[in-house]
Amino acid sequence: MKDKHGPKGSAAQSRFLASLSTFAQEHKAHHWEGTFAEFLSDIVPQNPALLARNSHQYIWDMLRWSRQRQIETGVEGGLFAHELFGIDAALERVTNYFKAASAGSEVGRRLLLLLGPPSGGKSTLVILIKRGLEEYSHTDEGAMYAIKGSPVHESPLNLIPHTLRAEFRETYGVEIIGEPSPYCQARLEHEFDGDFMKMPVERIFISEAGRVGVGTYAPHDPTTADIADMIGSVDLSKVSEFGDEGDPRAWSWSGAVYAASRGLLEMIEILKVKREFLYLLLTLTQEKNIKVSRFPLIYLDETILAHTNLAEFRKFLQEIENEALLDRMVIVQVPYTLSYKQEARIYRKLISAAPTFRDVHLDPHALKVAAVFAVLSRLQKSEREGLDATKKVNLYAGEDVEGFSLSEVDRIHTEAPEGLSGVSPRFVVNALSNAITHSEVQSLTSMEVLLTLKDAIESDARIDARQKRAWVDFLVLVRKDFYNRWVKEDVHKALFASFEDEAQSLLEKYLDEVEAMLDKRQIEDPITGEPREPDERFLRSVEEKIKVSDAGKLSFRQEVVRKAMVAFKRGERFTLHSHARLQDAIEQYLFEERRDVLRLVTSVTRPDEEAKQKIAAVEERLVQEYGYDSYSAREALNYVTTLLSQE
Ligand SMILES: Nc1ncnc2c1ncn2[C@@H]1O[C@H](COP(=O)(O)OP(=O)(O)O)[C@@H](O)[C@H]1O
Ligand SMILES: [Mg+2]
């Protein structure tokens with residue numbers, strides 16, 4: 001992570017200022033304001049269908065626009081792809097909801113409920129939609145117009161009287177559904193004498209902060225939460241101005257449902273709200289209106305996106321009265337990802353946003369070990385023969401597992417619900433942050449991560465003893481089945497960096513010795529220049545690696561020579577790849593030679609110069625090519641040496 005996230009230079013700052021002012025200018029350029037008459041003559045004919053979109057259609061178009069724009073800039077995946085990892089199935093269901101609703105399906109009359117474990121990305125998903133809407137509303141295709149000053153930024157088309165709507169449809173080919181709000185009706189009468197052609201219209205831009213097209217409701221305390229938070233109340237300061245409590249202009253239109261009109265209403269922890277709220281929301285999605293005491297029904301077009309966690313949902317299911325409500329929701333489960341690779345990306349994203357991590361080096365497996373641990377905690381035991389947790393983790397990450405094919409993964413997924421409980425990304429990232437604050441070397445190794453997680457589990461009062469034991473066992477499994485393999489591979493590869501050359505010369509030496517031995521001739525020693533007998537001990541030490549017996553050695557050697565001859569006649573070089581068994585033997589021979597070097601690291605208190613140099617070279621290679629820093633490289637070497645001494 002080092003150096004990547006420091007303050008940017010002044011060039012970057014001026015670039016940012018330039019983008020800001022371009023943004024501001026575009027915003028101004030896009031601005032439009034006029035009377036309804038001007039709107040009808042100047043704006044509507046351009047593309048009436050775009051102006052008549054309902055909130056579901058608008059969101060669906062935004063999702064498609066976002067995907068298209070990414071394709072144009074060379075990246076793929078759509079709105080969520082760069083922020084949400086490993087939950088593609090859930091994202092696809094959400095996308096499909098908008099697609100179906102936008103096409104007029106019944107699902108558009110049902111509330112979309114995201115259901116999942118804590119810190120599983122539900123809020124992030126909603127945030128991305130909100131940001132997407134804000135951006136989209138600044139584009140030409142996303143241009144949205146409203147009656148100016150309306151607290152529900154309603155579509156100006158709602159002003160067209162019902163008697164003229166059929167004619168409008170024939171002229172422009174689109175249907176108008178909405179009704180003007182009581183507020184605008186009152187203004188129309190009092191300020192414009194009913195002449196709706198004079199009503200002011202403006203282009204609006206969706207903005208959560210500005211409470212335009214995005215509303216958010218979070219229950220603070222469900223017992224004191226008042227429905228007025230949602231639908232408003234009489235604004236006493238205005239009653240004297242308008243002379244009547246029943247005047248819609250004396251109503252405070254500050255509720256979340258009004259802010260969300262034309263766009264998105266986010267309901268956080270929806271099942272914590274009173275049932276009274278729920279009925280209101282369900283009617284709103286189904287009928288597109290709400291009843292506020294003194295006014296006729298208020299037409300509102302908005303998409304409700306709610307979320308809740310599983311505990312709340314189970315409680316909700318237990319109340320029989322809720323059954324009917326359930327029918328009026330589309331429930332999309334948002335489980336944790338089960339791919340450790342995707343999970344590691346989440347950590348990477350979260351820590352790259354955190355200043356604590358700015359100057360900290362992580363060894364190349366540090367996030368992966370944490371991710372495997374998290375995924376293990378989310379799995380269910382499989383009924384299948386031979387499918388243990390380790391294999392599942394590998395399969396779910398798209399890796400080959402003997403005895404199981406990747407095409408079975410979908411079916412295995414459906415056998416038991418997984419990813420609905422277990423360790424959350426938050427838990428892991430908090431533990432990592434903790435470890436870093438206590439670290440003195442600005443470097444975190446995989447082993448330290450495992451220890452940190454162990455501490456985090458053991459000191460967490462919310463976790464019961466049985467769960468703690470199970471989770472600690474997962475850490476042991478991560479180390480045994482994943483980390484050991486990864487770190488050994490790195491060290492081996494670093495040891496073998498010049499492997500190809502060395503292996504080839506070893507192969508040639510083997511061939512020379514074998515030919516001399518078969519021909520019963522002597523070999524000239526390269527150093528002394530003197531003739532000597534073929535080195536039978538060397539030949540055997542290579543052959544024993546692949547269990548060539550004393551009795552079988554002659555035929556093995558003859559076969560090697562025959563293959564070498566064939567290659568020679570074809571004008572090819574005899575290489576390691578020409579003979580699979582010999583390749584195996586030579587690799588093992590080389591490895592054992594190197595392993596002895598590794599053993600030196602710990603076994604000899606004062607390694608000699610040559611050993612020191614060899615070790616330094618391996619360390620260097622780990623740093624240069626495999627993502628270690630010198631601290632973690634040394635740790636890895638020591639660790640692998642210890643592993644080898646236990647083998
Ligand atoms: N699948 C995921 N991909 C990327 N980030 C994720 C994922 N799941 C959770 N996160 C991150 O973890 C943090 C908590 O997620 P959040 O959206 O608040 O979850 P929820 O609302 O479900 O509790 C956020 O920063 C979020 O970006
Ligand atoms: Mg949340």
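Reader: What covers the buried residues of H13?

Author: The cover includes strand S2 (111–115), helix H12 (275–287), strand S11 (303–308), helix H14 (323–326) and strand S12 (329–333). Contact here means heavy atoms within 4.5 Å; helices (H or I, at least four residues) and strands (E, at least two) are DSSP runs, numbered from the N terminus. This is a predicted model, in which local features need pLDDT of at least 70 and side-chain atom pairs count only at pLDDT 80 or more, while totals for chains, interfaces and linings use all residues. Residues are numbered from 1 along each chain as its sequence is written, chains are lettered from A and ligands numbered from 1 in the order in which they are written, and side-chain values use heavy atoms, without hydrogens and water.

Reader: Which residues of helix H13 are buried?

Author: In H13 (residues 310–318), they are Leu310, Glu312, Phe313 and Phe316. Buried means under 20% relative accessible area, exposed over 50%, and partly exposed in between (1.4 Å probe, protein chains only).

Reader: Why are the buried residues of H13 said to line one face of the helix?

Author: Looking down the axis of H13, they fall within an arc of 155°, so they line one face. The arc is taken from the directions from the helix axis to the C-beta atoms. On the other side of H13, you will find Ala311, Arg314 and Gln318 exposed.

Reader: What makes Asn309 a cap for H13?

Author: One of its side-chain oxygens lies 3.2 Å from the backbone nitrogen of Ala311, at the N-terminal end of H13. A polar contact is a pair of N or O atoms within 3.5 Å; within protein, one must be able to donate a hydrogen and the other to accept it, and residues adjacent in sequence count only if both atoms are side-chain atoms.

Reader: Why does Asp61 count as buried?

Author: Asp61 has 15% relative accessibility, so the value falls under the 20% limit. This residue is found in helix H4 (residues 55–72), and its side chain is joined to that of Arg53 by a polar contact of 2.8 Å.
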